[in-house]
Amino acid sequence: MTRAGFCDSKPLLDLHKKADERRAPLRTWSNACGPKDRWQPVEVEESRMAPVKMEPERRWERRLSAQTSEGIIMGFNEDSLMHTAADGCVEESVFLYPHGLQGIHSLQALVPSLLRHEVETALEKLDLAWDRVFAWDMFLDMMRTQTRNSLPNADLPRHFTDSTRSVLVDWLIQVHEMMHFQEETLYLAVHLLNRSLRQIKVTTVNLQLLGMVCLFLAAKKEECLLPEVSGLCYLMDHTYTSHQLLRMERKILLGLKFDLSYCPPLHFLLLLASIARSSAKVVWMARYLLELSLLEGQCVVFLPVQLAGAALCMSRQVLQDPLTPEGEAAWCLASSVHVGSETALLRIMHILASAAGKAHNRETCATFIKFSSPETMHVSRHPGLKNTAALLGICT
Amino acid sequence: MAHGTSLQYEPVAEIGGGAYGTVYKARDTESGQFVALKSVRVQTDQNGLPISTVREVALLKRLEQFDHPNVVRLMDVCAIQRSDQETKVTLVFEHVDQDLKTYLERAPAAGLAPGRIKDLMRQLMCGLAFLHSNRVMHRDLKPENILVTSQGQVKLADFGLARIYSCHMALTPVVVTLWYRPPEVLLQSSYATPVDIWSTGCIFAEMFRRKPLLCGESEVDQLGKIFQVIGLPPEDEWPTDVTLSRKHFPSLLPRPITDFVPEINEKGAQLLLKMLTFDPLKRISALNALEHSYFQDEEPLT
């Protein structure tokens, strides 16, 4: 079976960027958590920062043999599981490498138990893990499975353009809101749509049907209460019969081989925000930005964790919350999850900045309206988002 | 695949009637490999494929991505519409010739080497820990659906199917063995992943005995057989949400497990008792079982 490893499909690091930029979160982490005077900026060779070619990982070998393998995104080595949250190896591993962090791609070597502890607490608090015992395993699964959730490229089949796609997504956002579905359902629906558009031959005439069935399938996966098929046909002005809808359902299930698993960027966002102790407003702003990413066809190539990280990062910069040492330390720990994908984050932030800048006067403004309500703290109307140029400025 | 199973998979033989319908051994005409075909007919109403089927098959597909060595491969899924009311969903699994039942039957007269049993158990527990950490319970573990390859690799089969099929059970007369059922299921109390640990405990004992540990003929009889081994649990452990009263059973004291499994060593016996614990909350978990000292020291495989 071929794996859609992100390393093969797209460059994680833009080698033209300055080395400083790529290292940013690492350095801030070190400043916050390690002794400052020990930190020496290191000139890292370009080649060393390039992502390591990764083998499809077999995590389960750890129980059969205690071998370490190259981790997926930031080098989570499986032997980190052997450590308990209490063993003080954080300091140890930092001091073991006093000459900077050359060649350490592995986050595990840096923040093994602290991050683990924070992740477990956050997942438990968010009710995303059913049992704390499995929380860390679950996080590793999230990190691993998400690599299957990004697409190799942003190309759409002929006849379809990014703007047709965003009109359809905007409509799905409205239907989704009307149905009072959970947010996960929306993210899954758009993910299924992105994959279906590439897997299934569909005419422009049936595009709306395809979108609706993706939402319907997402609801079957995520929701307790399911809408009636006849109701869905009504929402489409009876352009299609329920028979057509069910035929499309089978077609999509077969096209996607029943693979409906998805690790929504929203979960990563909530996880990161929880680790970073972000304020409610920062979280709402990030959720808004993240939802805007659904409308952007170019975003399909990024990993969910990168989309979430970029949205949160930008939200913090727009809102400019007062900085505290604890807040900074927490943020550094949260952003350590992204070590190695700083360039991707910057690219996403650029996309989000231009999307947010024009969101209010676009045709597709369901998300803008949704996030202008008092319940969402009016984040989409925040003056900081008005000026695209200034927004782009914070992203560079 | 969209053209249906009949073209790509050529049935070779019927393997086992299975509780949930016929299972076929078939040849994949594209790769030449043997596969096991398991089909279920699901009723499609006006809302299409039932939620339970969509979710369970999606879950199996997701588990497949992990490529776990102790879980049987799901190679393909197809759905063919039979009529407006019925869709046939076929799951295509890798085919393994031998299950644990035959493996035990074919074991030499002297029985399996203790090291071999330990190796099988460790693999079994790895597979279970994997399923459980993904919120999947097997619910119907027995020697027949634990596969053993010719290299001695254990692969769990039929997990998750219980839920896909349970909605459609009415269609087939189901005979399910009670011998591996934990007390909470027999008592119709609520249950979760510990059910599989109980079943694995029964199988652990069976590997030494080469015959089942607890062969009850009805739910109540099975419970009686269980209490003859582990003793009648104290009143405070008896679940409150069940109709069957504790008074229904004679007051029995636990007997040494070595009375039933004489060949087991001390650490093995400790682990077995932790698996055959009445209270599911006190029963050992798969992850903890793997850490048990029984698995720490190696013994020869032959």
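A:Cys214 counts as buried because its relative accessibility is 0%, where buried means under 20% relative accessible area, exposed over 50% and partly exposed in between (1.4 Å probe, protein chains only). This is a predicted model, in which local features need pLDDT of at least 70 and side-chain atom pairs count only at pLDDT 80 or more, while totals for chains, interfaces and linings use all residues. Residues are numbered from 1 along each chain as its sequence is written, chains are lettered from A in the order in which they are written, and side-chain values use heavy atoms, without hydrogens and water.

B:Lys38 belongs to strand 3 (residues 34–43) of chain B, strands being DSSP runs (E, at least two residues) and helices DSSP runs (H or I, at least four), numbered from the N terminus. An unreviewed UniProt entry annotates B:Lys38 as "binding site", and such annotations may be inferred rather than shown by experiment.

Between the chains, 36 residues of chain A are in contact with 35 residues of chain B, contact meaning heavy atoms within 4.5 Å. One salt bridge is counted between chain A and chain B (a side-chain nitrogen of Lys or Arg within 4 Å of a carboxyl oxygen of Asp or Glu), and B:Asp76 forms a salt bridge with A:Lys257, their closest N and O atoms lying 3.1 Å apart.
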